[in-house]
Amino acid sequence: MLTYLKANGVLFCLKDHPNMAKPKQQVPERTRPAFHRISPVNINGAPGQRLMIVLRTRGCEYAAKNDGGCTVCGFANHALPGIGDQGILDQLTWALEELPLDGVDEIDLLTLGSFLNENEIAAPVRAELLGMIAGLGGVRRVSFESRSEYVTAAKLNQSRAILGDRTVEFGIGLESADDHVRNHIIRKGLTRERFERVVATLAQTGLDLLVYLLIKPPHLGEAQAIADAVASVAYVAEVAARHGVRARMALEPVFVAPNTYLERVFQRGEYRLVNLWSVVEVILKTHALGNIFVGLSDEDLARNRTTGSCPACQDRLVAEIERFNHTLDVSRLRELDCPCRATYLADRESGRI
Ligand code: SF4
Ligand SMILES: [Zn+2]
């Protein structure tokens, strides 16, 4: 006989969810975080472990008001318009109780839009989420992210006050330093002037900067994508130095998320996934410009439509990139090789990819 349990207004079948009998696990599947991942990271020179959590929210207001928003973003696939404040808080409660947090030094608290937009995360919920993280002993760095229009010194000061003397990092998707790529291809709706104003506000409030940059947005070939990513890292490093703000750049190889403009382009055969050798090259060309890491997560959205190379070297390249994220040491990346690399270089040179 099936047993049913009602939690948070949702009826569960305990046959399907045998663990639901334990009170601390009474969070319905639909209100667990959209995505979570523990992976290696380097925190201010020391190797550590990062827990990334993407909380389900009602979704990105910019996307709702701008015809789906950014052309590569698949976060709308996870949005729950009726999630409510408690539903958001329950997700972090579940994560902090159920995930193996021993050894986690950093928590990246992401949402399906902007953490600082109070139409997406109400101000008291924001404070409560940060307060829950502030109660964790071993966490040395906390990141959250938002579009620029919701950033105020008051909100940043409040988060810093809640999180105490940890490193607090504000994340923003710049995607590319190139205005055409950012605002016409990605449709980010973000000027460099506004980005630089955010960096100035971080300088004023003592937060660090985390900037997301894409590797291979649509309509760029491999060589153009490498040049775009390198120029973007150089730009962010210069702006951060000018304002005296400590910065990290998260380089994100583009993956194809469902129900996006990019998916339509990909299905028409007009987009090729970035080759992992390009990702390696971007690391080699930018690691001396600033503090970079490569985000290899696809937030469970890519269905294998993500960066790759050949079956013989793919796992090795991914492992070495993860290792770089941990150590910031590029020596082993320089030594990598595979027969597929010569083909990749020839195709890149000729403009075929
Ligand atoms: S990338 Fe960010 S701003 Fe753009 S649509 Fe997605 S959540 Fe919204
Ligand atoms: Zn290979």
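User: In this predicted model, is Ile215 buried or exposed?

Analyst: Ile215 has 27 other C-beta atoms within 10 Å. A residue counts as buried if 20 or more other C-beta atoms lie within 10 Å of its own. Ile215 is therefore buried.

User: Which strand holds Ile215, and how far is its C-alpha atom from that of Val254?

Analyst: Ile215 is found in strand β8. Leaving aside neighbours within four places in sequence, its contacts include Ala225, Ala229, Leu251, Val254 and Val279. Val254 is 39 residues apart from Ile215 along the chain, and their C-alpha atoms are separated by 5.9 Å.

User: Which strand does β7 run parallel to, and how many bridges join the two?

Analyst: Strand β7 covers residues 167–175. Gly171 stands opposite Leu210 in β8. The parallel partner is β8, residues 208–215, and the number of bridges joining it to β7 is 6.

User: Which strands stand at the edges of the open sheet, and why is one side of each left without a neighbour?

Analyst: The sheet has 8 strands in the order β3-β4-β5-β6-β7-β8-β9-β10, with mixed pairing. Each edge strand has a single partner strand, so one side of each has no neighbour in the sheet. From one strand to the next, the twist averages 25 degrees. The edge strands are β3 (35–43) and β10 (291–294).

User: Is Ser232 buried or exposed?

Analyst: Ser232 has its place in helix α7. Not counting residues up to four places away in sequence, Ser232 touches Ser176, Ala177 and Leu213. Because 25 other C-beta atoms lie within 10 Å, Ser232 is buried.

User: How many residues of the shell around ligand 1 are nonpolar, polar and charged?

Analyst: The residues around ligand 1 are Cys60, Tyr62, Ala63, Gly69, Cys70, Cys73, Phe75, Gly113, Arg147 and Gly173. Gly counts as polar and Arg as charged. The shell divides into 6 nonpolar, 3 polar and 1 charged.

Notes:
Residues are numbered from 1 along each chain as its sequence is written. Chains are lettered from A and ligands numbered from 1 in the order in which they are written. This is a predicted model: local features need pLDDT of at least 70, side-chain atom pairs count only at pLDDT 80 or more; totals for chains, interfaces and linings use all residues. A residue is near a molecule or strand if its C-beta atom, placed from the backbone, lies within 6 Å of it. Helices (H or I, at least four residues) and strands (E, at least two) are DSSP runs, numbered from the N terminus. A residue is buried if 20 or more other C-beta atoms lie within 10 Å of its own, exposed if 12 or fewer, and partly exposed in between; C-beta atoms are placed from the backbone. Two residues are in contact if their C-beta atoms, placed from the backbone, lie within 7 Å. Two strands pair if DSSP finds at least two bridges between them. Axes are lines fitted to C-alpha atoms, for helices over the stretch in contact, and angles run from 0 to 180 degrees between N-to-C directions.
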